[in-house]
Amino acid sequence: MSTSFQLYMRSGPTPGERFSLEKEEVWLGRDPSNDIVIADPEVSRRHARFLLRGSTYAIEDMGSTNGTLVNGEMITALKPLAHGDVIELGEHTSLVFEVTRTGIDETVAVFRSTEGESQHLESEPVSIKASPPAASLVEDQPPTLVEIPTSFPESRPARRRLPMWAWILIILGGGVLICGAVTLFIIDALNLYCVLLPGITNFFFPGACP
């Protein structure tokens, strides 16, 4: 049985493209001199490298600007890869690490599609299928019931404010009333009806003023 490795671009400049890992050391970056060239501004010129370690590859970030994430975690050292691991380079490019095993009487190839479903290509009735990623084994959680209130508190109508001119009229009117009341009080206290208002006094009280 032989084993081959490749990277599947789930998102990025060329979604759906696959890159074979055939050498013991494979370089990835934006520069054309890399083994795997990804034309993404968020990918550094020499972003990462893959090293063959035993029966799988390991990835190492080469001091890139945006870093390298494996299954959502930023790596700071050499990280061994397993089938289905998701490698993120910046915000727009993500790759899926795929392992293909072939034998004399059986062939198995497991690829992850962009929708997260597995497609199995079998050339013989007998096949060995690689285990799906652990994320696909998580059982769906039951939906959380949220109680929605059937009644809502009545909203109070907004108070209307009087315009400025209305306040001015009220203040002026109050001032006139106060001044009039004070004046009438002084006239009545000093008995100045005939001095200040003789005509009006004689109109209401004939003969009251000479």
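Colleague: Why are β10 and β11 said to pair?
Modeller: In this predicted model, β10 and strand β11 (residues 93-102) are joined by four bridges and run in the antiparallel sense. Two strands pair if DSSP finds at least two bridges between them, so the four bridges meet the condition. One of the facing pairs is Glu88 and Ser94. Strands are DSSP runs of E of at least two residues, helices are runs of H or I of at least four, and both are numbered from the N terminus.

Colleague: Which residue in the turn of the hairpin has a positive phi?
Modeller: Gly90 does, at about 75 degrees; three residues lie between β10 and β11 in this hairpin. On β10 there is also a pairing with strand β7 (residues 68-70), antiparallel and over three bridges.

Colleague: What makes β4 and β9 edge strands of the open sheet?
Modeller: The sheet has five strands in the order β4-β3-β5-β6-β9, with mixed pairing. Each of β4 (36-37) and β9 (79-80) has a single partner strand, so one side of each is left without a neighbour in the sheet.

Colleague: How do you know whether Glu98 is buried or exposed?
Modeller: Glu98, in strand β11, has a relative accessible area of 0%. Buried means under 20%, exposed over 50% and partly exposed in between, with a 1.4 Å probe and protein chains only; Glu98 is therefore buried.

Colleague: Why is the pair of Phe5 and Tyr57 given its name?
Modeller: A pair of aromatic rings is described by the distance of the centres and the angle of the planes. Rings of Phe, Tyr and Trp (its six-membered ring) pair if their centres lie within 6.5 Å; planes under 30 degrees apart are stacked, over 60 edge-to-face and the rest tilted. The centres of Phe5 and Tyr57 are 5.2 Å apart and the planes stand at 80 degrees, so this pair is edge-to-face.

Colleague: What of the rings of Phe5 and Phe97?
Modeller: Their centres are 5.9 Å apart and their planes at 15 degrees, so the pair is stacked. Phe5 lies in strand β1 and Phe97 in strand β11, so the pair ties together parts that are 92 residues apart in sequence. Together, Phe5, Tyr57 and Phe97 are linked into a cluster by ring pairs.

Colleague: What makes Asp35 and Lys23 a salt bridge?
Modeller: A salt bridge is a side-chain nitrogen of Lys or Arg within 4 Å of a carboxyl oxygen of Asp or Glu. The closest N and O atoms of Asp35 and Lys23 are 2.7 Å apart, so the pair qualifies. Asp35 is partly exposed at 37%, and Lys23 is partly exposed at 43%.

Colleague: Which residues are linked in a network of salt bridges?
Modeller: They are Glu25, Arg49 and Glu60. Between Glu60 and Arg49, the closest N and O atoms are 2.9 Å apart. Glu60 lies in strand β6 and Arg49 in strand β5, so parts 11 residues apart in sequence are tied together.

Methods:
Residues numbered from 1 in each chain as written. Predicted model: local features only at pLDDT ≥ 70, side-chain atom pairs only at ≥ 80, totals over all residues. Heavy atoms only, no water.
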